Amino acid sequence: MPDELVVIAPPRARILAAARDLFHRHGLRGVGVDAIAEAAGTNKMTLYRHFESKDELIVAYLRGVASEADDMWREIERKNPGDAQAQLRSWLKLADDCITVDGRGCDLANAAVELTEAGHPARRLIEEMKTEQRDRLAKLCRRVGIPKSKVLADTLTLLFEGARVSRQSAGTNGPSAKFISTAETVIEAFKAKPKASDNRARF
């Protein structure tokens with residue numbers, strides 16, 4: 001049988017893939033360009049030909065993470081066309097998958113913790129990405145018919161972000177293990193209509 005054709009990815013793609021893996025496992029500060037170039041099967045000269053600095057590579061890496069989040073939303077809508085309630089349930093399931101897939105948590109949140117410089121080009125990018133994801137969730141909650149959709153989106157976002165951090169600190173049997181049931185309880189609470197207050201005089 002003829003030898004199988006081996007397709008080698010272009011240098012830029014290999015560099016991004018290596019950076020994604022190393023940054024996710026070891027953090028931004030724990031990985032240098034030498035290690036990334038070596039893991040990508042190239043050298044620093046080639047890396048800097050595609051990315052002028054490590055900061056530029058970090059931004060490209062985070063854009064890739066955000067692109068995957070966009071893909072998730074498109075998949076939710078594709079599988080549940082016109083059904084907002086089913087889309088919200090699908091979001092809960094995918095969010096739970098993100099929590100349980102590994103113990104490293106959110107790449108964007110982890111990067112924000114490490115990038116303490118106020119003017120770092122990635123910090124504004126992270127803020128914009130997180131805001132966009134929260135706004136998309138708020139629109140979905142509004143389509144479900146929940147009046148306080150923005151407040152619910154904020155609550156679910158905090159619950160999701162907190163669950164990812166909790167999994168790192170409290171382990172797999174901690175509060176993060178109950179993310180879906182907790183989130184469903186919160187959603188039902190927002191759906192419930194408040195009881196009319198009794199304004200009659202009490203004697």
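First, the ground rules. The model is predicted, so local features need pLDDT of at least 70, side-chain atom pairs count only at pLDDT 80 or more, and totals for chains, interfaces and linings use all residues. Residues are numbered from 1 along each chain as its sequence is written, and side-chain values use heavy atoms, with hydrogens and water left out.

Confidence, then. pLDDT is the predictor's own confidence in each residue, on a scale from 0 to 100. The chain averages 90. Of its residues, 91% score at least 70. Helix α2, residues 33-39, has the highest confidence, at 97. The lowest is in helix α6, residues 107-114, at a mean of 92. When I say helix, I mean a DSSP run of H or I, at least four residues, numbered from the N terminus.

Let's start with helix α5, residues 84-100. How far apart are its end C-alpha atoms? They are 24 Å apart. The expected span is 1.5 Å times one less than the number of residues. For the 17 residues of α5 that should be 24 Å, which agrees.

At the start of α5, look at Asp 83. One of its side-chain oxygens comes to within 3.3 Å of the backbone nitrogen of Gln 85.

Now, burial. Buried means under 20% relative accessible area, exposed means over 50%, and partly exposed is in between, with a 1.4 Å probe and protein chains only. In α5 the buried residues include Ala 84, Leu 88, Trp 91, Leu 92 and Ile 99.

Gln 87 sits in α5. Its relative accessible area is 5%, so it counts as buried. Contact here means heavy atoms within 4.5 Å. Leaving aside neighbours within four places in sequence, Gln 87 contacts Ile 76, Glu 77, Asn 80, Pro 81, Gly 82, Leu 140 and Arg 143.

Next, the aromatics. Rings of Phe, Tyr and Trp (its six-membered ring) pair if their centres lie within 6.5 Å; planes under 30 degrees apart are stacked, over 60 edge-to-face, and the rest tilted. The structure holds 4 such pairs. One of them is Phe 160 with Phe 179. That pair is tilted, at 6.0 Å centre to centre and 50° between the planes. Phe 160 lies in α8 and Phe 179 in α9, so the pair ties together parts that are 19 residues apart in sequence. Both Phe 160 and Phe 179 are buried.

On to charges. A salt bridge is a side-chain nitrogen of Lys or Arg within 4 Å of a carboxyl oxygen of Asp or Glu. The count comes to 16.

Here is one inside a helix. Asp 71 bridges to Arg 74, with the closest N and O atoms 2.4 Å apart. Why do they sit about one helical turn from each other? Because they are 3 residues apart in helix α4. Asp 71 is partly exposed, at 38% relative accessible area. Arg 74 is partly exposed too, at 48%.

Then Arg 134. Arg 134 bridges to Asp 135, closest N and O atoms 2.9 Å apart. Arg 134 also bridges to Asp 154, at 2.7 Å. This second pair links distant parts of the chain: Asp 154 in α8 and Arg 134 in α7, 20 residues apart. Shared partners also join Arg 20, Glu 68 and Asp 107 into one salt-bridge network.

Two histidines to finish. His 120 is in the loop between α6 and α7 (121-144). Is His 120 buried or exposed? Buried, with a relative accessible area of 6%. Beyond four places in sequence, His 120 contacts Asp 55 and Leu 115.

His 50 is in helix α3, residues 44-50. His 50 is partly exposed, at 29%. Not counting residues up to four places away, His 50 touches Pro 11, Arg 12, Ile 15 and Glu 56. From His 50 to Gly 171 is 39 Å, C-alpha to C-alpha, and 121 residues in sequence.

Conventions
Polar contact = N/O pair within 3.5 Å; in protein donor to acceptor, adjacent residues only side chain to side chain.
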